[in-house]
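The sequence and structure come before the notes.

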Amino acid sequence: MNFLRRRQEEDKVKSEGRLPPGQSLTQKFPVLTYGPNPTFDPQTWDFRVFGEVDQEMRWSWDEFLKLPTKTITTDIHCVTRWSKFDTVWEGVPFVEWSQSVGVKPSARYVIAHCDYGYTTNLPLESMMDDDVLLAYKYDGKFLEPDHGFPVRTLVPKRYFWKSAKFLRALEFSTVDKPGFWEVNGYHNDGDPWKEERYGRRSFF
Ligand SMILES: Nc1nc2c(c(=O)[nH]1)N[C@H]1C(S)=C(S)[C@@H](COP(=O)(O)O)O[C@H]1N2
Ligand SMILES: [Mo]
């Protein structure tokens, strides 16, 4: 009965066009991390930008917290087939932040670098959406360690593996550099509406 009601609810939202193909709605917030959570020391933590920018820069935790933020409400979609509606995030908006770092015209890709070497790549174009954040609050509170504390990227229009937890640097690049999951079989672009789950080198 419960199951039936859930299916009816899902059919309803699908017909409203909010649930991408092959996804199911969840109220929970599943955790998917490859490896352990990093330890955080506000004295030594930094966030860097490098590559195709006028000047490479770094922010301490205190400096990062002074950057202008905005809050958005958005749906998120994981490649493992769960979607969660109306999640609320606060963070530094990527578009405004990127204007302040002087991105060179030669930059075409953005590579997110995280603690323990997790990386993920996107065309600069897909980062230039007004819902893309360097997020550090969820539901009005600092991120839970499991969800990427202190900072993660948030790219709601891509599958959630493109939203990099434990972010430490963004690299602007002339060439694409497929990241951790992308070289392990996930699709390079990861658009949930096109169901771009697995790439050509997929083993699944
Ligand atoms: N640094 C880092 N970021 C990561 C991951 C990871 O393992 N390490 N997993 C990705 C995957 S596969 C998903 S689905 C989401 C999960 O985010 P959540 O645990 O907050 O739900 O984070 C993404 N970002
Ligand atoms: Mo994922």
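**Cysteines and ligand site**

C78 is buried, at a relative accessible area of 6% (buried means under 20%, exposed over 50%, partly exposed in between; 1.4 Å probe, protein chains only). This is a predicted model, in which local features need pLDDT of at least 70 and side-chain atom pairs count only at pLDDT 80 or more, while totals for chains, interfaces and linings use all residues. Residues are numbered from 1 along each chain as its sequence is written, chains are lettered from A and ligands numbered from 1 in the order in which they are written, and side-chain values use heavy atoms, with hydrogens and water left out.

Cysteines
- The structure holds zero disulfides (pairs of cysteine sulfur atoms within 2.5 Å).
- C78 is in no disulfide, and the nearest cysteine sulfur, in C114, is 15 Å away.
- C114 is also buried, with a relative accessible area of 8%.

- Of the 20 residues around ligand 1, P30, Y34, H147, R152 and K165 come nearest (a residue is near if one of its heavy atoms lies within 4 Å).
- The shell around ligand 1 consists of 14 nonpolar, three polar and three charged residues (Ala, Val, Leu, Ile, Met, Phe, Trp, Tyr, Cys and Pro count as nonpolar, Asp, Glu, Lys and Arg as charged, the others, Gly among them, as polar).
- Oxygen atoms of ligand 1 lie 2.9 Å from a backbone N or O atom of L32 and 2.7 Å from one of Y34.
- A polar side-chain atom of R152 is 2.8 Å from an oxygen atom of ligand 1.

How values were computed. Polar contact = N/O pair within 3.5 Å; in protein donor to acceptor, adjacent residues only side chain to side chain.
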